[in-house]
Amino acid sequence: MKTQEFHQINETIHEEKMDNGLQVFLLSKPEMVKTYGIFTTDYGSIDQTFTPLGEDKEVTVPEGIAHFLEHKLFEKEDRDVFQDFTKLGASANAFTSFTKTAYLFSATSHVYENVRTLVDFVQDPYFSEQSVEKEKGIISQEIRMYDDQPDWRGFFGTIGSLYHKHPVKIDIAGTVDSIQHITKDDLYTCYETFYHPSNMVLFIAGNFEPEQMMDFIRENQQRKEFPEAPEINRRFPREPVSAFKSEEAIEMAVSTPKAYVGLKEQVDGLSGEEILHNELLSDMLLDHYFSTSGKFYDELYQSGLVDDSFHFETEWEREFGFTILGGDSRKPDAFLKRLKKMLLSIKEEKISAEDFEKMKRKKIGEFMRALNSLEFIANQYTHYHMLGVNLFNVLPEIESLKKEDMEEFIENWIQESQMTTFQVKPKE
Amino acid sequence: MKTAKQYTEEQQGYRLHVLPTNKYKTVSIVVKWKAPLEKETITRRALLPSIMEKATENFPSARKLQGALEDLYGTALSADASKKGENHVITFRMEVVNDRYLKDEDSILKKALHILNDVLFHPKSEGEGFSASVFKREKETLAQRIRSIKDDKMSYANTRLLDHMCEDEAYGVHAQGHLEDLEPLTNEELYSYYKNMLQKDELDVYITGDVSQEEMIPLFNEYFVRHAAEPAPATTVSDMQVEEPREIIEREEMSQGKLHIGFRTHTFFGEEDYYALQVFNGIFGGFPSSKLFMNVREKHSLAYYAASRFESHKGLMFVFSGIDPADYDQAKTIILDQKKAIEDGDFTNEDVEEAKQQIIHQLKETMEHPYGLIEILYHQQLSGRQIEASELFERLEKVSREDVVRIAKKIELDTVYFLTSLEKGDA
């Protein structure tokens with residue numbers, strides 16, 4: 001077990017790589033009542049084409065299968081795993097994103113039993129034809145629920161018109177049609193390939209003694225057998241730099257139109273550190289111009305082009321990166337035109353040294369506030385680890401940023417060809 | 001289990017609650033203004049927080065105010081308005097990085113309190129009104145928000161259920177206000193209501209983080225002064241008996257139907273039965289191991305979600321589920337059968353114990369979050385009874401099987417509401 005101390009924020013991380021390849025991180029917080037655990041595989045909705053473990057031919061699996069698998073891991077031959085956690089007074093959940101699937105619990109008692117329950121249920125799949133069929137009804141309703149949400153449709157619609165063929169453009173849960181093709185055998189294929197311990201990270205944060213917890217996890221892993229696993233061979237289509245479409249719109253029963261601008265960020269050839277660096281800078285930049293204190297937001301708000309539903313987000317991953325800005329607008333065409341112009345004019349804007357210090361201070365405060373949350377630490381530590389970066393180095397990284405870094409970032413930022421606009425229009 | 005240590009001081013015109021803890025890297029301040037829930041004032045109260053957080057005397061625009069907060073290491077300030085039983089509560093929340101984690105010398109907390117004081121007591125004004133431009137813009141924004149409720153089908157179904165169920169009760173008013181009251185509202189009327197609120201609302205201030213009571217009291221005396229309030233008359237909650245359960249179906253263009261069912265629990269926060277109500281809800285629909293989830297979702301594959309929750313100060317309980325429009329009758333029957341099953345004692349002692357452990361876990365988890373803890377303490381403040389966490393857990397532990405059956409029978413079905421897709425030929 002290795003120990004790493006981060007003095008400025010007063011946190012200590014214990015880590016160990018198990019013999020089977022599983023990476024474990026522990027954050028012991030004896031002052032907390034709660035313990036939170038999250039078990040994550042580096043496998044999400046975009047991992048559609050790959051070579052299954054032990055085979056040599058590449059396969060492409062149905063859309064939405066990673067999410068389907070997430071649902072099905074909770075069901076065992078004789079029980080539902082939610083009830084195991086219930087018996088231990090804990091709550092459990094799971095989520096699937098573009099790049100990850102994660103299983104988690106939160107407990108205020110029976111910490112070790114809950115850790116064991118989490119690790120054992122994820123490492124012991126049971127899929128049957130009957131239970132796969134049953135899940136199709138449940139997931140169909142989940143998909144329909146999202147179909148009725150205009151914000152969701154706007155967000156995924158924007159991504160869909162940014163990408164030509166990269167699987168980030170498909171819905172994480174798939175479609176009501178695509179999930180009908182999923183079989184028990186597909187689930188096992190994906191499971192065996194992507195749920196190998198060497199592709200997973202376990203993070204436990206909260207009230208426990210770290211040595212004892214690490215021993216507990218090590219013993220648990222030593223009792224199980226896994227085949228040798230070479231590095232996973234995943235394949236993604238080559239994606240052009242430009243946006244797929246320059247504009248797109250759908251119609252829905254909404255009272256107010258929704259409008260978004262999407263930017264396709266370039267991540268090709270970037271290291272983990274560079275991804276983090278760019279993510280921080282793009283976030284600070286958007287915040288500077290488009291948060292409540294930003295001059296562009298102020299202009300859009302004062303002129304009545306947007307209301308306080310306006311928001312932005314930026315996501316940077318190994319395989320893709322995008323930024324989306326938008327919200328409700330009663331004048332969507334004028335809003336999008338103005339917003340695009342603003343984004344393209346950022347290159348001509350000047351950021352003063354004073355402003356840049358302000359941007360850094362705000363980011364530091366935001367980061368420190370987030371550290372109150374065990375969930376934030378565990379989820380983000382895992383996320384950055386999978387990118388090859390340490391979460392607790394984010395603070396020194398922000399502190400070391402210089403105005404010149406921002407200028408260089410802006411210089412190489414988006415071109416108009418990497419932008420798209422997307423509207424959700426009220427039905428006539 | 002460590003219980004929260006709370007120091008409550010009656011300050012001039014408000015109660016100050018100091019909750020020292022070393023769990024957080026930040027200091028959180030929550031300010032709560034409370035008045036009776038009324039159709040006449042709700043729209044004004046819905047509009048006030050967004051105006052107050054936009055511009056003050058010292059920081060006369062949203063950009064300047066936000067800029068000042070950002071200078072304090074991105075101190076977060078937010079404001080909202082909500083219903084708590086038949087009270088209306090306007091809440092301001094501020095979260096400041098604790099000075100000891102920063103390399104700065106000046107006290108950030110002090111500066112942040114200064115801004116908070118400005119926001120609450122010195123909004124930017126012009127004559128006998130707020131800044132005219134802020135008023136105009138925020139009025140438009142609120143109107144927009146009211147019109148957009150329809151776009152979020154789950155909250156729209158909730159709103160419609162309450163419209164029908166609490167037609168003649170204060171609780172039926174909309175927390176975000178009503179368009180017909182917003183349109184004629186003038187800046188002067190709102191400003192005069194604000195002055196009235198400063199005078200009459202009950203005010204509670206909470207602060208939690210690595211702070212001490214000795215430091216906080218003088219600090220608040222300096223930055224947080226209010227002229228003594230005239231105490232408002234205590235509100236009494238109306239509790240209606242159900243004459244005949246109603247069934248209402250409404251249609252919109254959508255693909256999934258929203259089945260929302262309202263019940264009367266006749267049970268309120270702070271009462272003896274309240275603990276049994278929590279356990280009942282745990283067995284019925286509060287968790288993924290509850291009857292609703294296990295039957296509507298796992299057994300019959302009808303829904304992705306099927307759950308229940310209750311309103312503590314108004315004695316209501318709601319079930320909600322998203323289903324295929326064709327499955328309405330089946331889903332409704334299954335849901336109502338689950339309640340009947342509990343009335344008939346169709347659950348195990350183990351179910352009771354598990355529900356208790358889930359509730360205790362949930363409470364402990366909430367108490368560990370700064371805003372969560374403050375919400376729990378404020379609930380108690382509203383009910384007029386302060387209960388130690390340990391006593392709370394003891395009372396939960398004492399709930400018996402018979403108590404759960406009794407509560408199940410006490411809970412009355414009031415309204416079945418179904419928001420569903422248009423019929424063929426409607427569109």
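This is a predicted model: local features need pLDDT of at least 70, side-chain atom pairs count only at pLDDT 80 or more; totals for chains, interfaces and linings use all residues.
**Entry 1: a sheet of 7 strands**

I looked up the strand order in chain A and found an open sheet running E1-E2-E3-E9-E4-E8-E7, with mixed pairing. Which strands stand at the edges? They are E1 (2–6) and E7 (91–96) of chain A; each has a single partner strand, so one side of each is left without a neighbour in the sheet. I noted an average twist of 15° from one strand to the next.

Strand E4 (residues 35–41) and strand E8 (residues 101–107) of chain A run antiparallel and are joined by 7 bridges.

**Entry 2: a sheet of 5 strands**

Chain A has another open sheet, this one ordered E10-E14-E11-E13-E12, again with mixed pairing. Its edge strands are E10 (247–252) and E12 (311–316) of chain A, and each pairs on one side only. Ignoring direction, neighbouring strands here are turned by 15° against each other on average.

I followed E12(A) to strand E13 (residues 321–328) of chain A: the two pair in the antiparallel sense over 6 bridges. A:Glu313 stands opposite A:Ile324 in E13(A). Helix H8 (residues 272–290) of chain A lies across E12 and E13 of chain A, at about 170° to E12(A).

**Entry 3: A:His385**

I found A:His385 in helix H12 (residues 374–387) of chain A. Its relative accessibility is 28%, so I put A:His385 down as partly exposed. What does A:His385 touch, leaving out residues up to four places away in sequence? I get A:Gln23, A:Phe25 and A:Val201. A:Gln23 is 362 residues from A:His385 in sequence, yet their C-alpha atoms are 9.7 Å apart in space.

**Entry 4: where chain A meets chain B**

Here 64 residues of chain A are in contact with 58 residues of chain B. The two chains bury about 5600 Å² between them, with 49% of it on carbon and sulfur atoms. In chain A, the residues that lose the most area to chain B are A:Gln141, A:Asp148 and A:Arg369, together 12% of what that side buries.

How many salt bridges does the rule find across this interface? It finds 11. I checked the one between B:Arg297 and A:Glu135, where the closest N and O atoms are 4.0 Å apart. I also noted 37 residue pairs in polar contact across the interface. Several elements of chain A each supply at least two residues to the side touching chain B, among them helix H4 (129–147) and helix H11 (353–370). H4(A) gives the largest share, 9 residues.

Note on methods. Residues are numbered from 1 along each chain as its sequence is written. Chains are lettered from A and ligands numbered from 1 in the order in which they are written. Side-chain values use heavy atoms; hydrogens and water are left out. Helices (H or I, at least four residues) and strands (E, at least two) are DSSP runs, numbered from the N terminus. Buried means under 20% relative accessible area, exposed over 50%, partly exposed in between (1.4 Å probe, protein chains only). Contact means heavy atoms within 4.5 Å. Two strands pair if DSSP finds at least two bridges between them. Axes are lines fitted to C-alpha atoms, for helices over the stretch in contact, and angles run from 0 to 180 degrees between N-to-C directions. Buried area is the accessible area (1.4 Å probe) that two parts lose on being put together, summed over both. A salt bridge is a side-chain nitrogen of Lys or Arg within 4 Å of a carboxyl oxygen of Asp or Glu. A polar contact is a pair of N or O atoms within 3.5 Å; within protein, one must be able to donate a hydrogen and the other to accept it, and residues adjacent in sequence count only if both atoms are side-chain atoms.
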